[in-house]
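Okay, everyone, thanks for coming. Let me put the structure up, and then I'll walk you through it.

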Amino acid sequence: EYQPYEGKTECILAEAGNFVSSPEATKQSVCYPGSHSGTAATSCTLCEEGYFNSKTKQASCIPCPLPLTTSGINKTYCNACLKGYYWNSLVWKKYELVDDNVQCVECCQSCEDLCDVDDKICVDCSNSTAVLETLDVKRGWWRATRESETVYECPLDRSCRGGTSVKTSEQCFKGHRGALCGACVDKYDYDF
């Protein structure tokens with residue numbers, strides 16, 4: 001409760017989306033984006049994980065539409081994907097979707113499109129912070145660029161290291177180089 005006028009004895013309850021932190025207050029304070037409050041609040045409540053709020057003075061937080069979520073509490077927009085999906089930043093520009101593209105892309109349906117093929121998992125999307133540029137490609141698989149949505153099975157045994165990098169020197173095991181780690185570096189040859 002607060003009282004903005006001198007000489008008045010009746011206090012006013014804080015409106016939803018605002019709060020009053022002390023009994024001596026002469027005004028209510030605003031709840032900022034990423035938080036909310038109900039009527040007569042003495043503090044703001046942070047939006048829980050999976051909920052967001054991008055405006056001031058809000059009575060509640062908004063649930064992220066599935067498969068979107070948040071990477072923690074107190075968020076102003078849905079900035080992550082649920083497990084099993086990756087964040088496709090290629091369709092995101094200054095906090096707005098480009099065209100009608102989908103922000104979260106299902107990760108594992110076929111390995112030629114980032115997923116399971118014949119029970120072979122080529123990409124790890126097991127945490128909610130998976131993003132296209134740093135997808136964790138499994139050992140034995142390769143992708144050309146950080147923006148590539150296609151992952152290829154390496155034809156040579158023990159040639160592709162996998163990982164989050166797309167640098168050939170980091171994707172290929174010692175002695176291998178190039179696309180699919182299919183070429184040998186100088187002074188190495190492939191033993192059939």
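Predicted model: local features only at pLDDT ≥ 70, side-chain atom pairs only at ≥ 80, totals over all residues.

So, mean pLDDT for the protein chain is 82, with 83% of its residues at 70 or more; pLDDT being the predictor's confidence in each residue, from 0 to 100. Residues are numbered from 1 along each chain as its sequence is written, and side-chain values use heavy atoms, with hydrogens and water left out.

Where is confidence lowest in the protein chain? That's strand S13, residues 116-117, with a mean of 48, whereas the highest is strand S4, residues 45-46, at 98.

On secondary structure, we've got 1 helix and 20 strands. Those are DSSP runs numbered from the N terminus: H or I of at least four residues for helices, E of at least two for strands.

Of the 192 residues in the protein chain, 34% are buried. Buried here is under 20% relative accessible area, exposed is over 50%, and partly exposed is in between, using a 1.4 Å probe and protein chains only.

Now the cores. A nonpolar core is a set of buried Ala, Val, Leu, Ile, Met, Phe, Trp, Tyr and Cys residues joined through side-chain atoms within 4.5 Å. The largest one has 11 residues, including Tyr-86, Cys-107, Leu-132 and Trp-141. Apart from that sits another core, of 7 residues, with Phe-52, Leu-68, Cys-81 and Trp-87 among them.

Next up, Thr-70. Look in the loop between strand S7 (68-69) and strand S8 (80-81). Is Thr-70 buried or exposed? Buried, because its relative accessibility is 0%. Its side chain reaches the backbone nitrogen of Gly-50 at 2.8 Å, and a polar atom of that side chain lies 2.8 Å from the backbone oxygen of Gly-72. Leaving out residues up to four places away in sequence, Thr-70 touches a list of residues including Glu-48, Tyr-51, Cys-64, Tyr-77 and Asn-79; contact means heavy atoms within 4.5 Å.

Last one: Ile-12, in the segment before strand S1 (18-19). With a relative accessible area of 33%, Ile-12 counts as partly exposed. Ile-12 and Ala-40 are 28 residues apart in sequence, and their C-alpha atoms are 8.7 Å apart in space.

Conventions. Polar contact = N/O pair within 3.5 Å; in protein donor to acceptor, adjacent residues only side chain to side chain.
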